[in-house]
Amino acid sequence: MLSKRQEVERFLKEPTPDIRAVVIYGKDRGVVRDRATQLAHKVVERPDDPFDTALLTEGDLDSQPGRLEDELAALSMMGGKRLVRLRLMGEKAGPDKQAAEALTAHVEGRLNPEAFFLVEAGALGRDSALRKTAEKAGGCYVIPCYEDEVGDMARLTRDALSRDGVSLNGEALDLFVNRLPKERGVARAEIERLALYLGPGSGVVATPADLTDFLGVEPEASLSDAAADAFGGKIGAAQAGLRRAAQEGEGGPAAVRAMGYYLGRLRRTLTLHKNGVDLGAATKASGVFWKTEREFLRQARAWTLEHLLTVQQDILTADKACKTSGSPDQLIAERLALQIAGRARRLGL
């Protein structure tokens, strides 16, 4: 099994000659497909050429039970390596068992030794016959694919944009990656859309300001703004933001959570500052968006950890009230915003 990223990347760049089968599986189909495609290009020169490659699905296995072994036994019409690529989309026991049996026959040398068997599958459980067989079989590697981490998505974004001759500066990259969907295939489509927006081959190094129109408004932007206004002592603006969010479908519980998140960011900033970190650096470390940094710093200079502790109790009380059956969620959220804004004003904000 290859589970460490360095091992996987090394193998995908230069497959081991004595390996004749690979099973790539995981929840994120985009990652599975990316890795399988990368490997396919290393196995045969033309992975899309039917003379070099046989592409099967579980539907083919259902309708023609013996076809998989037939394809693994067949010789390449052009001579040399032959790729047999199987895509298992579901968790049916029948195709899973057939794939396991064909894998066993292939690694034992009973079929065409010049064929390379590549399986793409979803999240194979521990009871999967294919997974059990592949993990024990000699001449076979198993590559589990896990959800991308932030660093993986940043690397994917940089590499993809670089191929189109555009890039993002550090702040813009952080902003863009944090807004990307987790599924690899959808994320890749968003990166391609960004490259088109920036202009392929233009050499642009985009900043956060350049991404404003592209990213648009976050679904919960009204709640974030309302929370910031409440902690800034802007009573009218906070109420207006909450009502706008309600019209956009964001109810009272989400509003209370937004104020809790904002408090957490202030508390983290003040804690870092108390431990000797410069206030500006602490603000950046807390993930404050650059456009709101100035206002956030103004608030951080007025609030104290003791005052935030009191507000935290108010937020917990409001959160419990919102979870009570039949409670007026919107009114509870608006009253909480008024309480916070009132405290902020008393602090001089």
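**Close-up views of a predicted model**

View 1. E4 spans residues 115-121, and seven of its seven residues are buried. Helices (H or I, at least four residues) and strands (E, at least two) are DSSP runs, numbered from the N terminus. The model is predicted: local features need pLDDT of at least 70, side-chain atom pairs count only at pLDDT 80 or more, and totals for chains, interfaces and linings use all residues. Residues are numbered from 1 along each chain as its sequence is written, and side-chain values use heavy atoms, with hydrogens and water left out.

**View 2. Strands paired with E4.** E3 (residues 82-88) runs parallel to E4, joined by seven bridges; two strands pair if DSSP finds at least two bridges between them. In this pairing Arg82 stands opposite Ala115. E1 also pairs with E4 in the parallel sense, over five bridges, and there Val23 stands opposite Val119.

**View 3. The two faces of helix H1.** Val8, Phe11 and Leu12 are the buried residues in H1 (residues 5-13). They lie on the same side of H1 because they cover an arc of only 100° around the axis, the arc being that of the directions from the helix axis to the C-beta atoms. Gln6, Arg10 and Lys13 are exposed on the face turned away from the buried side. The cover over the buried residues includes strand E1 (21-26), helix H2 (29-43) and strand E5 (140-145), where contact means heavy atoms within 4.5 Å.

**View 4. A salt bridge between Arg46 and Asp52.** The side chains of Arg46 and Asp52 meet at 3.1 Å, N to O; a salt bridge is a side-chain nitrogen of Lys or Arg within 4 Å of a carboxyl oxygen of Asp or Glu. Arg46 counts as partly exposed because its relative accessibility is 36%, whereas Asp52, at 5%, counts as buried. The structure holds 17 salt bridges.

**View 5. Salt bridges within helices.** In H9 (residues 184-198), Glu190 and Arg193 are three residues apart, about one turn of the helix. Their closest N and O atoms are 3.0 Å apart. In H15 (residues 293-302), Glu295 and Arg298 are also three residues apart, so about one helical turn separates them. This pair meets at 2.9 Å, N to O.

Notes:
Buried < 20%, exposed > 50% of the residue type's maximum accessible area, 1.4 Å probe, protein only.
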